[in-house]
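Please look over the sequence and the structure shown here before reading on.

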Amino acid sequence: MGILEREARFFLASRKALIWDDKRGARQTLRDALIACGVKSPNIFVEKTYANAKHIVETQKPEIIISEFEVHEKYGLDLARLQMDILNDNTTKMFIICTANATQSSVADAAEEEIEAFLVKPITEDLVVDYIKNTAKKKVNPTAYSSMVYEAKRLIREGNEELAFQTLSMSKLMHDRPM
């Protein structure tokens, strides 16, 4: 295990996680993947209803959320917005959509939000582990470009659009095309 992978595992070990999915098999696979990545079992909340998942976000403030895109006309992206409102820090939170509903519009909707990954079911534990580890590695060792984009987003949320624009302009010099 390399240094970056150890740092990612350490990052994950101290986090709380929420899984929101109405399918028992998916919930179990996602839970097993989080544990395999180093998230402690007592820090993993598994919910099948949106109301319970929302309550967990509000009370437990999980840094990691793995969510179905839509269940019974409730949307995981609403949990992403709530998580961002509560945590307000892209460097400490992870939001992953895991869905069987991979329509063009669902992918586009997710791309507009602060989503780290979009997984399409069926999934395997190994696939989910790879995505979680890679996302965690990017959190513990972000590129300069990513750090500047995160900073610009934070400035926008704080109402400092002018400085955010300057930060994004500088980040553009570091990278030929947006990521």
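In which loop is Lys-61 found? Lys-61 is found in the loop between α3 (50-60) and β3 (64-67), where helices (H or I, at least four residues) and strands (E, at least two) are DSSP runs numbered from the N terminus. The model is a predicted one, in which local features need pLDDT of at least 70 and side-chain atom pairs count only at pLDDT 80 or more, while totals for chains, interfaces and linings use all residues. Residues are numbered from 1 along each chain as its sequence is written, and side-chain values use heavy atoms, with hydrogens and water left out.

**Backbone features**

Most residues other than glycine have a negative phi, and most peptide bonds are trans. Lys-61, although not a glycine, has a positive phi of about 55 degrees, and with 39% relative accessibility Lys-61 counts as partly exposed (buried means under 20% relative accessible area, exposed over 50%, and partly exposed in between, with a 1.4 Å probe and protein chains only). Glu-73 is likewise not a glycine and has a positive phi of about 65 degrees; Glu-73 sits in the loop between β4 (70-71) and β5 (74-75) and, at 67% relative accessibility, counts as exposed. The peptide bond from Lys-121 to Pro-122 is cis, with omega near 10 degrees, and Pro-122 belongs to the loop between β7 (117-120) and α6.

**Gln-83**

Gln-83 has its place in helix α4 (residues 76-87) and is buried, with a relative accessible area of 1%. Its side chain reaches the backbone oxygen of Pro-62 at 3.2 Å, a polar contact being a pair of N or O atoms within 3.5 Å, of which, within protein, one must be able to donate a hydrogen and the other to accept it, and residues adjacent in sequence count only if both atoms are side-chain atoms. When neighbours within four places in sequence are left aside, the residues in contact with Gln-83 (heavy atoms within 4.5 Å) include Val-57, Pro-62, Ile-65, Met-94 and Phe-95.

**Helix packing**

Two packed helices are described by the angle between their axes and the distance between the axes. Here axes are lines fitted to C-alpha atoms, for helices over the stretch in contact, and angles run from 0 to 180 degrees between N-to-C directions.

| Helix pair | Angle between axes | Axis distance |
|---|---|---|
| α7 (residues 144-157) and α8 (residues 161-174) | roughly 165 degrees | within 8 Å |
| α1 (residues 3-13) and α6 (residues 125-140) | about 95 degrees | 8 Å |
| α2 (residues 24-36) and α6 | about 50 degrees | 9 Å |

Angles under 35 degrees count as roughly parallel, over 145 as roughly antiparallel, 65 to 115 as roughly perpendicular and the rest as oblique. With axes crossing at roughly 165 degrees, α7 is roughly antiparallel to α8, and α7 passes α8 in a left-handed crossing (the near helix is turned anticlockwise from the far one by less than a right angle, whereas clockwise is right-handed). The residues of this contact of α7 with α8 divide into 12 nonpolar, two polar and two charged, where Ala, Val, Leu, Ile, Met, Phe, Trp, Tyr, Cys and Pro count as nonpolar, Asp, Glu, Lys and Arg as charged, and the others, Gly among them, as polar.

For α1 and α6, packed at an angle of about 95 degrees, the arrangement is roughly perpendicular, and their contact has seven nonpolar, no polar and five charged residues. Helices α2 and α6 are oblique to each other, and α2 passes α6 in a right-handed crossing.
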